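Please describe this structure for a student who is new to reading protein models.

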Amino acid sequence: MSQNHDPAMLAKAQTLTEALPYLQRYAGKTFVVKYGGHAMGDPELAQDFAEDIVLLKAVGINPVVVHGGGPQIGRMLKALGIESKFVDGLRVTDKQTAEVAEMVLAGAINKELVSWIARAGGKAIGISGKDGGMVIARKVQSKKAPKAIEGEDGDPIVVDLGFVGEPDRIDTTVIDTIVNAGMIPVIAPIGVGPDGETYNINADTMAGAIAAALGASRLFLLTDVPGVLDKDKNLLTDLRPADIARLAEDGTISGGMIPKLETCVHAVEAGCEATVVLDGRVPHAMLLEIFTARGAGTLIRA
Ligand SMILES: Nc1ncnc2c1ncn2[C@@H]1O[C@H](COP(=O)(O)OP(=O)(O)O)[C@@H](O)[C@H]1O
Ligand SMILES: CC(=O)N[C@@H](CCC(=O)OP(=O)(O)O)C(=O)O
């Protein structure tokens, strides 16, 4: 009998009962989860992530995984002696770089994640935006280059980003088919242009567009920081679209955080209830965020 009063056992039971309202609220909903390349480094964390995804599926939520792989593409390009440059968080992508990006994203990383999910007891199908004609991409219009490559007259140079795409049209048939078969789609951020060309798509942008197309309830962006930080490195827990425009303007956010937060704004404007930027280095960060009252990371909502 005394075991029933063991505080550790009670705490476990409390955690489960605390999860009950969330389990009820989210059953049958679609959650898009973007797993960033920076968060992928540690095999133990990758296994935790895969377990979380399989758990979501087991409790009746439909997880759709979109993955990145920026650092992994960077390493492969370096090994091949190809130089890589970023403008506002986007990799300038010539034809050769697009081939390497596809090889790393849709080949190595996609299949590794599928294997991690299988090891956690789930059934995942790995695809890229090319499969089933899912993502028709258009070229991202060149942005002004940052100060580092400003022209001699001091004006920023306009850089051609090459084969950097953004989703133009999304056909969710292939995702729906996988989900309805009881499996978990794992999507690499590669799209196809109208003439069959390969487009490299920022993984956050891809995840946001897929969340919008699916009418997902939640979009989680797992990365390598606790969330969005202010200039003193304090976590900003709750943001609205107007705050984000201000943070971009005053330089609080930079690099990869720019497409990440643009994605969050587009997703909430398209009807996603909430998006969360989360620390993928914290074991089971997503479960804690979803099933406990203690939110983690930065919540962005309309
Ligand atoms: N205000 C900010 N708060 C947190 N991270 C920021 C901020 N501004 C820029 N960053 C950068 O954004 C990075 C996350 O974006 P990114 O490198 O694209 O990650 P991922 O590969 O996980 O998508 C962080 O590692 C950090 O260097
Ligand atoms: C156009 C563009 O920048 N594409 C990205 C695609 C991968 C990605 O976004 O990966 P992370 O989420 O790990 O950063 C790239 O080439 O790095």
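UniProt positions are given here in the numbering used for this structure, feature names are shortened, and annotations may be inferred rather than shown by experiment. This is a predicted model, in which local features need pLDDT of at least 70, side-chain atom pairs count only at pLDDT 80 or more, and totals for chains, interfaces and linings use all residues. Residues are numbered from 1 along each chain as its sequence is written, while chains are lettered from A and ligands numbered from 1 in the order in which they are written.

**Annotated positions**

Under "binding site", an unreviewed UniProt entry lists Gly69, Gly70, Arg91 and Asn200. These positions are spread over 132 residues of sequence, yet they cluster in space, with a largest C-alpha distance of 11.8 Å.

Gly69 is found in the loop between strand S2 (62-67) and helix H3 (70-79), whereas Arg91 lies in strand S4, which covers residues 90-91. Contacts are judged by C-beta atoms placed from the backbone, and two residues are in contact if these atoms lie within 7 Å. When neighbours within four places in sequence are left aside, Gly69 is in contact with Gly37, Val104, Leu105 and Ile109.

**Buried and exposed residues**

A residue is called buried if 20 or more other C-beta atoms lie within 10 Å of its own, exposed if 12 or fewer do, and partly exposed in between, with C-beta atoms placed from the backbone. The table applies this to some residues of the model.

| Residue | Other C-beta atoms within 10 Å | Class |
|---|---|---|
| Gly69 | 26 | buried |
| Arg91 | 21 | buried |
| Ala209 | 27 | buried |
| His284 | 16 | partly exposed |
| Lys233 | 8 | exposed |

Ala209 lies in helix H6 (residues 203-214), and, apart from neighbours within four places in sequence, it is in contact with Pro167 and Ile170. Lys233 lies in the loop between strand S12 and strand S13 (235-236), and it has a positive phi of about 70° although it is not a glycine. His284, in the loop between strand S15 (274-279) and helix H9 (285-291), has a positive phi of about 55°, and it is not a glycine either.

**The two ligands**

A residue is near a molecule if its C-beta atom, placed from the backbone, lies within 6 Å of it. Of the 20 residues around ligand 1, those that come nearest are Gly36, Thr223, Leu229, Gly256 and Met257. The elements that give two or more residues to this shell are strand S12 (228-229) and helix H8 (257-269). For the classes, Ala, Val, Leu, Ile, Met, Phe, Trp, Tyr, Cys and Pro count as nonpolar, Asp, Glu, Lys and Arg as charged, and the others, Gly among them, as polar. The shell around ligand 1 divides into six nonpolar, eleven polar and three charged residues.

Of the 17 residues around ligand 2, Gly37, Gly68, Gly70, Arg91 and Ala203 come nearest. Helix H3 and strand S4 are the elements that give two or more residues to this shell. By class, the shell around ligand 2 has six nonpolar, ten polar and one charged residues.

**The sheet**

Two strands pair if DSSP finds at least two bridges between them. An open sheet of eight strands has the order S5-S8-S2-S1-S11-S15-S16-S14, with mixed pairing. Its edge strands, each of which pairs on one side only, are S5 (124-128) and S14 (238-239).

S5 and S8 pair in the parallel sense over five bridges, and Ile125 stands opposite Pro185 in S8. S8 and S2 also run parallel, joined by two bridges, and the bridge partner of Val66 in S8 is Ile187.

How do the side chains of a regular strand lie? In a regular strand the side chains alternate between the two faces of the sheet. From S8, Ile184, Val186 and Ala188 point one way and Pro185 and Ile187 the other way, and all are buried.

Methods. Helices (H or I, at least four residues) and strands (E, at least two) are DSSP runs, numbered from the N terminus.
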